[in-house]
Amino acid sequence: MIDQYGRNIDYMRISITDRCSLRCRYCMPEGVELVPMKDILSYEEIAEIVSAGVKLGITKLKITGGEPLVRRGCPDLIRSLKQIPGIEQVTMTTNGVLLEHYLPALLDAGLDAVNISLDTLNRERFEQITGRDLFVEVMQGIKAAADSSIRTKINTVLQKDINTDEILPLAGLAETYPLDVRFIEMMPIGFGAETEGVSNTEVFNTLKEHYPQLSDDSSVHGNGPAVYAHIPGWKGSIGFISAVHGKFCSSCNRIRLSAQGQIKPCLCYGDIADLRPVLRQGYNAEDKQEKLQEILYDAIFHKPQEHCFENFEKITEKNRMVKIGG
Ligand code: SAM
Ligand code: SF4
């Protein structure tokens, strides 16, 4: 549907758990409190919300978390969401740790694309950043995805003085493998507010200096706000998601559903619309759908015009990213 600022909102990011197998320092450091399991939506409840969303024009879904693959039955959820009439695409963002194991089931379920997060190519540094020595497993997941038929992207978040020296090697994954590497600017949300990121202008300039032949790639690579560039001869492209330094709010097409059933129209603000009470209040199926659609309509219509990451005092989102889903 079209929101009050004329944007077509057709994309829902769904966090299916706040649990994770890693402890990335800017997202979910050690010791964070977990949501009680009873408060997490069941797969049936998620499907009910998606059905309501479809009626309002949602056609594309991203499954995220926490780490979606730590929740049992994730491929079954994907299969069932793919079967909802009107859903055209279901993709996933994962840390890659369990990807090699689950890839056959995910492909069989009809997953359309996978984004794998990777901030370093150095095993010791991986453990420093993520709190776990699981670099080898993630690389195996990346290789398995790249070797399969699935559209694959790498998501990289740079932290000043931690992994800035890896811009070239990380980008180089797009030379070795048929995948896109996307640099996502650190957003001042949750623990990200305490971590200094790197602007994508700096990333672009570093790449351009080393690869003067880097040129714009205007072909469509997905549903998101990334801008792409290509180096002749490389198998994949380089993407830039400049969430902080390049405001792309005027073309934002998404809403987010948290694992507890809250709709978040914009990452920057704490405002939510809670769908869980509707799911659990004992409405009959028809009334429940009507109520869900009503709340969703209102949340989408009133989606804020733009984020305010440049103005820390105005940011009202206090949740950590692992709860929101990135
Ligand atoms: N566990 C999965 C993963 O790591 O891909 C999915 C959830 S994770 C929250 C989704 C993405 O959000 C990851 O690529 C992560 O690097 C990114 N992320 C987390 N906190 C962030 C922040 N403050 N700013 C920008 N990206 C962030
Ligand atoms: Fe887990 Fe992904 Fe957050 Fe890392 S970025 S802690 S892998 S949810």
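Analyst: Start with a definition: rings of Phe, Tyr and Trp (its six-membered ring) pair if their centres lie within 6.5 Å, and planes under 30 degrees apart count as stacked, over 60 as edge-to-face and the rest as tilted. The structure holds five aromatic pairs. This is a predicted model, in which local features need pLDDT of at least 70 and side-chain atom pairs count only at pLDDT 80 or more, while totals for chains, interfaces and linings use all residues. Residues are numbered from 1 along each chain as its sequence is written, chains are lettered from A and ligands numbered from 1 in the order in which they are written, and side-chain values use heavy atoms, without hydrogens and water.

User: How do you know whether phenylalanine 183 is buried or exposed?

Analyst: Buried means under 20% relative accessible area, exposed over 50%, and partly exposed in between (1.4 Å probe, protein chains only). Phenylalanine 183 has 1%, so this residue counts as buried. Phenylalanine 240, at 7%, is also buried.

User: What makes glutamate 45 and arginine 280 a salt bridge?

Analyst: A salt bridge is a side-chain nitrogen of Lys or Arg within 4 Å of a carboxyl oxygen of Asp or Glu. Here the closest N and O atoms are 2.9 Å apart, so the pair meets the definition. Glutamate 45 lies in helix 1 (residues 43-55) and arginine 280 in the loop between helix 9 (276-279) and helix 10 (285-301), so parts 235 residues apart in sequence are tied together. Glutamate 45 is buried at 10%, whereas arginine 280 is partly exposed at 39%.

User: Why do aspartate 165 and arginine 125 get their accessibility labels?

Analyst: Aspartate 165 has 56%, which is over 50%, so the label is exposed. Arginine 125 has 18%, which is under 20%, so the label is buried. Their side chains meet in a salt bridge at 2.8 Å, N to O.

User: How many salt bridges does a search of the whole structure find?

Analyst: The search finds 14.

Note on methods. Helix = DSSP H or I, 4+ residues; strand = E, 2+ residues; numbered from the N terminus.
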